[in-house]
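Hello,

Here is the structure for you to look over. My notes on the sheet and the ligand site follow.

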Amino acid sequence: MPLHNSRRRQLIKRAAQAGRLGMYAVSDAARFWRGSSLSTFDSSRDQIHGRTLYFVHSIEKGLAQSRKWEPRRGTSAIRNLSDSLARCIELGYGTDSFAFDQGISVIQRYRERHEAADVDTQFLDKLLHPIVLAEERLRARAGAGTQRVTSELADEVVRDNFYSLFKRRVSIREFTGEPIDPNGVERSIQSALKTPSVCNRQAWSVFWCEDKQTIARILQHQRGFAYDVMPEILLTITCSNAFFISPVERNQGFVDGGLFSMSVLLGLEAEGLGAVPLNACLYRRDRREVVRILGADPADEIILFIAVGARPETSEIPVADRKPLAGTIKMVKND
Ligand SMILES: Cc1cc2nc3c(=O)[nH]c(=O)nc-3n(C[C@H](O)[C@H](O)[C@H](O)COP(=O)(O)O)c2cc1C
């Protein structure tokens with residue numbers, strides 16, 4: 001029996017998709033190029049903060065190298081950090097922010113580490129921009145640095161609770177329409193802040209929408225939620241390209257934003273809330289409209305939506321069975 005689809009038509013379709021792919025690739029690249037922080041002189045607040053956090057992390061990693069620590073190592077990161085902090089003040093973004101605190105405190109830890117090793121820190125004074133040096137001397141700041149953790153294993157209860165929470169999470173799409181406790185949603189986001197991200201950039205934001213009409217409008221553009229009862233809260237997870245500093249990081253927002261979203265989903269499950277992640281594979285016009293409705297920044301990538309609502313006592317849901325472990329792990333041969 002012949003297949004339902006003809007090879008010729010599929011070939012034409014394939015060729016047409018190549019054109020669309022090219023168009024999306026160009027607009028995605030342009031968005032990353034405009035939004036990311038490719039130079040010290042990029043000037044949005046997020047770009048400055050993104051660069052700051054990148055260099056903070058680089059210095060923290062140097063300080064944490066307990067066996068290989070060497071004096072004066074990491075001066076390039078210090079120079080770049082100093083530039084970012086100086087630009088932050090110069091552009092009027094102030095000194096009262098998470099990123100600025102992190103920047104100054106890691107410089108203080110860097111100096112303390114040298115002082116503890118009896119190394120003269122005059123070299124650091126010369127590396128730092130005068131306004132950064134003045135800020136460093138102003139007051140002791142906490143935040144960045146190193147911490148000590150132990151190899152003690154999580155106890156069995158923690159382990160079993162984690163696996164059972166992970167196993168019981170499912171997508172709930174049909175909500176009851178009853179109100180939910182927004183604090184539970186907030187707690188799940190609070191907990192997701194612990195999600196790892198590349199060089200601890202934490203480029204994510206969560207746009208929180210609880211107006212049913214606005215939710216319906218966003219979901220019309222999303223095109224993947226065809227249920228009568230709207231969620232009580234629609235979360236849109238975004239990641240800002242402003243936090244990324246090189247073209248090789250062009251997809252990093254999707255990675256970090258995806259991890260962050262999973263953390264939120266697990267938190268929502270722990271809170272007993274119904275939730276479903278919804279794709280943001282948006283057509284160009286839909287994307288523009290969603291960005292406008294959210295009031296998102298042009299540098300923001302929309303990662304996905306999470307519809308949250310009250311779950312019925314029982315729900316009929318797809319099995320959504322999972323592939324076996326055997327085909328998932330692919331052993332790499334010795335090279
Ligand atoms: C990034 C992403 C996008 C998704 N988009 C949709 C969507 O648009 N509509 C929908 O009904 N489900 C969507 N889902 C839910 C998946 O269908 C669901 O997670 C999958 O089938 C596994 O089922 P489970 O979540 O119940 O374990 C999405 C899931 C993810 C992770």
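Contact here means heavy atoms within 4.5 Å. Axes are lines fitted to C-alpha atoms, for helices over the stretch in contact, and angles run from 0 to 180 degrees between N-to-C directions. Helices (H or I, at least four residues) and strands (E, at least two) are DSSP runs, numbered from the N terminus.

This is a predicted model: local features need pLDDT of at least 70, side-chain atom pairs count only at pLDDT 80 or more, and totals for chains, interfaces and linings use all residues. Residues are numbered from 1 along each chain as its sequence is written, and side-chain values use heavy atoms, with hydrogens and water left out.

Helix α9 (residues 212-222) lies across β1, β2, β3 and β4, at about 55° to β2. Helix α8 (residues 182-192) lies across β1, β2 (233-240) and β4, at about 170° to β1.

The sheet is open, with four strands in the order β1-β2-β4-β3 and antiparallel pairing (pairing takes at least two DSSP bridges). Its edge strands are β1 (204-209) and β3. Six bridges join β3 to β4 (residues 300-309). One partner pair is G274 and G309.

Strand β3 (residues 274-279) also gives the ligand shell its largest share, four residues. Of the 13 residues around the ligand (a heavy atom within 4 Å), S171, R173, P277, N279 and R322 come nearest. Polar contacts are N or O pairs within 3.5 Å. A ligand oxygen is 2.5 Å from a side-chain N or O atom of S171. Another entry on the list: a ligand oxygen lies 2.8 Å from a side-chain N or O atom of R322. A ligand nitrogen is 3.0 Å from a polar backbone atom of P277.

Best wishes

How values were computed. A polar contact is a pair of N or O atoms within 3.5 Å; within protein, one must be able to donate a hydrogen and the other to accept it, and residues adjacent in sequence count only if both atoms are side-chain atoms.
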